[in-house]
Amino acid sequence: MIFVSEANYQSDYRIKLKFNTGEEGVVDLLDIIERYTLAAPLKNINEFKKFYLDSWPTLAWSCGFDISPETLYERATGNKITWFE
């Protein structure tokens, strides 16, 4: 199971993530923020910066928006998660 162990704001809509696997990378989330209505408050960069790690743990915001750790992992590392090998 993949989860986010650390998250640090970088700039704009980019966050540096570290995963329980030890891998890390930076994700740019602007396209996701623009795609989903629930994420509309996060277009305000000050609201975007208020992310936290929820109980999964993954990135979440108080507006109710979150992003799966698997999606974040694939974006940050470029590695696909294969559930069945």
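**View 1. D54 in the loop between strand 4 and strand 5.** This is a predicted model, where local features need pLDDT of at least 70, side-chain atom pairs count only at pLDDT 80 or more, and totals for chains, interfaces and linings use all residues. Residues are numbered from 1 along each chain as its sequence is written, and side-chain values use heavy atoms, with hydrogens and water left out. Strands here are DSSP E runs of at least two residues, helices are H or I runs of at least four, and both are numbered from the N terminus. D54 is buried but has no salt bridge, and R75, the nearest side chain of opposite charge, is 16 Å off. (Buried means under 20% relative accessible area with a 1.4 Å probe, protein chains only; a salt bridge puts a side-chain nitrogen of Lys or Arg within 4 Å of a carboxyl oxygen of Asp or Glu; Lys and Arg count as positive, Asp and Glu as negative, while His and the chain ends are not counted.) What the D54 side chain does reach is the backbone nitrogen of W56, at 3.0 Å. A polar atom of that side chain also lies 2.9 Å from the backbone nitrogen of T58.

**View 2. T58, in the loop between strand 4 (52-53) and strand 5 (59-60).** T58 is buried, with a relative accessible area of 1%. Leaving aside neighbours within four places in sequence, T58 is in contact (heavy atoms within 4.5 Å) with residues including V4, Y52, I67 and L72.

**View 3. The hairpin of strand 1 and strand 2.** Strand 1 (residues 4-11) and strand 2 (residues 14-19) pair in the antiparallel sense over 6 bridges; for pairing, DSSP has to find at least two bridges. There are 2 residues between the strands, and D12 in the turn has a positive phi of about 50°. V4 has F19 of strand 2 as its bridge partner.

**View 4. F19, a buried residue of strand 2.** The relative accessible area of F19 is 1%. Not counting residues up to four places away in sequence, F19 touches I2, F3, V4, S5, P69, L72, Y73, A76 and T77.

**View 5. The largest nonpolar core, with 23 residues.** I15, L17, L29, L59, W61 and L72 have the most contacts inside this core. Strand 1, strand 2, helix 1 (30-35) and helix 3 (69-77) each supply at least two of its residues. (A nonpolar core is a set of buried Ala, Val, Leu, Ile, Met, Phe, Trp, Tyr and Cys residues joined through side-chain atoms within 4.5 Å.) Beyond four places in sequence, W61 touches residues including I15, L29, L42 and F51.

Note on methods. Buried means under 20% relative accessible area, exposed over 50%, partly exposed in between (1.4 Å probe, protein chains only). A polar contact is a pair of N or O atoms within 3.5 Å; within protein, one must be able to donate a hydrogen and the other to accept it, and residues adjacent in sequence count only if both atoms are side-chain atoms.
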